[in-house]
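These are my notebook entries on a structure that is new to me. I set down what I looked up, beginning with the domains and ending with charged pairs.

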Amino acid sequence: MSAQQALVARRGWLREALTGWLFSAPFLVIFLGFLALPILASFVLSFTDFSLGNLVDPLSARFVGLSNYAKLLHDPKFLQAALNTTIFVVFGTVLNLAVGLAAAVALNRGITRFRAVFRVGYYLPVVSSIVAIAVIWRFLFNADFGLVNGLLHAVGIKGPDWLANPTLAVGIIVALMVWRNFGNAMIIFLAGLQGIPNDLYEAARIDGANRWQEFRSITLPMLRSTMLFLTVLTTIGFLQVFEEPFVMTQGGPLNKTLPISMYVYQQGFNFFHQGYASAMAYTLFVVIAAITLIQFRLLRSET
C-alpha cells in the first residue's frame with residue numbers, strides 16, 4: 001500500500017470514528033451529566049457530613065472518612081431495615097421463582113386453549129403502575145372498609161388490622177411483590193421450557209419416568225442458566241424494593257416493613273443527611289454486587 005493509499009484509508013477511518021462519536025454524543029452527554037457525575041458525587045459525599053447546611057456551599061462539607069460507614073453498624077434502624085430487606089429478598093425471590101415456574105410449566109404443557117390470554121393476564125401486573133397497584137392493595141386490606149375484611153365479615157369472621165400487624169404487613173408486601181413480578185419470571189421460564197428438546201422427554205417416558213421424574217431430571221437441569229438469570233435479576237430488584245412499603249405502610253408498623261432503600265430516602269430527602277444516605281446507598285450497592293457474584297458461582301452451568 002502506497003503512502004497516498006494509507007493516508008486515504010486513515011482519513012476514512014477517522015471520518016467513520018468521528019461519525020460514530022457524533023451519533024453517540026447525545027447519549028454520552030446525558031450519561032455523564034445525569035448518571036456518571038451524580039454517582040461520583042454521591043460516592044464523595046459518603047465520606048463527608050454533607051447535609052442541608054452545605055447546599056449553598058458544597059465545599060464546606062467536612063470530610064469524616066469512614067465514619068458514616070461505621071455508624072451504620074450501630075444504627076438500630078438501619079439494622080432493622082437490613083433485616084427487613086433480607087426477609088423481602090429471601091421469601092420474595094423463592095416464591096417469585098416457584099410461582100413463575102409453576103405457571104410456565106402449566107402454560108407449556110397443561111393449558112392448550114386460551115394460552116395467549118393467560119400469558120397476557122399473568123404478565124399484565126408487570127407493566128402496570130406499581131403505585132396504582134399498591135394503592136389498590138392498601139384499600140383491599142384496610143381494616144375498616146377493605147374488601148378482604150368485608151368478605152370475612154360476610155361469613156361471620158372479624159378480620160384483623162392487616163397493615164398494623166408487623167407479621168401480616170410483611171406477608172402482604174411479599175405477596176404483592178410476588179404477584180406483581182412472577183409474570184416476568186413466567187415469560188422467561190416459558191422461553192426456556194420451549195427450548196428444551198422434546199426428544200429428552202420422549203426418551204424418559206420410554207424408560208418409564210413419571211412427570212415428577214421428568215421435571216426433576218430434565219426440566220430443572222435444563223433450566224439452570226435461566227434460573228441463574230432470574231435469580232440474579234429478581235434478587236437485585238427485591239434488594240431495591242421501595243414503592244410497595246412506601247405506599248402501603250410507610251415502613252411501619254414499628255419499622256418492620258422499612259427496607260434499606262426507603263431508609264436511604266428518609267435520610268437523604270426527609271432529614272437531609274446526604275452524606276449518611278450516600279454511605280447507605282453504596283453499602284447496598286456492595287451487597288448487591290457481592291450477592292450477584294455468589295449466585296453466579298453457585299448457580300452457573302457446569303461446563
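**Domains and their interface**

I looked up the division of the protein chain and found domain 1 (3-45) and domain 2 (68-302). I note that the model is predicted. The centres of domain 1 and domain 2, taken over C-alpha atoms, are 39 Å apart. I then listed the contact, to which domain 1 gives 5 residues and domain 2 gives 5 residues.

I next looked up the area buried between domain 1 and domain 2, which is about 360 Å². Carbon and sulfur atoms give 55% of this area. On the side of domain 1, S42, F43 and L45 lose the most area to domain 2, together 92% of what that side buries.

I checked the interface of domain 1 and domain 2 for polar links. The rule finds 0 salt bridges there, but 3 residue pairs in polar contact. By class, the side of domain 1 that touches domain 2 has 4 nonpolar residues, 1 polar residue and no charged residues.

**Salt bridges**

I asked how many salt bridges the rule counts. The count is 2.

One of them joins D49 and R62, with the closest N and O atoms 3.4 Å apart. Both D49 and R62 lie in the loop between α1 (3-45) and α2 (67-72), 13 residues apart. D49 is partly exposed at 30% relative accessible area, whereas R62 is exposed at 54%.

I also recorded a salt bridge between the side chains of E214 and R205, at 3.5 Å from N to O. Is E214 buried or exposed? E214 has a relative accessible area of 2% and is therefore buried. R205, at 39%, counts as partly exposed.

Terms used
Residues are numbered from 1 along each chain as its sequence is written. This is a predicted model: local features need pLDDT of at least 70, side-chain atom pairs count only at pLDDT 80 or more; totals for chains, interfaces and linings use all residues. Side-chain values use heavy atoms; hydrogens and water are left out. A salt bridge is a side-chain nitrogen of Lys or Arg within 4 Å of a carboxyl oxygen of Asp or Glu. Helices (H or I, at least four residues) and strands (E, at least two) are DSSP runs, numbered from the N terminus. Buried means under 20% relative accessible area, exposed over 50%, partly exposed in between (1.4 Å probe, protein chains only). Domain bounds come from an automatic or database domain assignment. Contact means heavy atoms within 4.5 Å. Buried area is the accessible area (1.4 Å probe) that two parts lose on being put together, summed over both. A polar contact is a pair of N or O atoms within 3.5 Å; within protein, one must be able to donate a hydrogen and the other to accept it, and residues adjacent in sequence count only if both atoms are side-chain atoms. Ala, Val, Leu, Ile, Met, Phe, Trp, Tyr, Cys and Pro count as nonpolar, Asp, Glu, Lys and Arg as charged, and the others, Gly among them, as polar.
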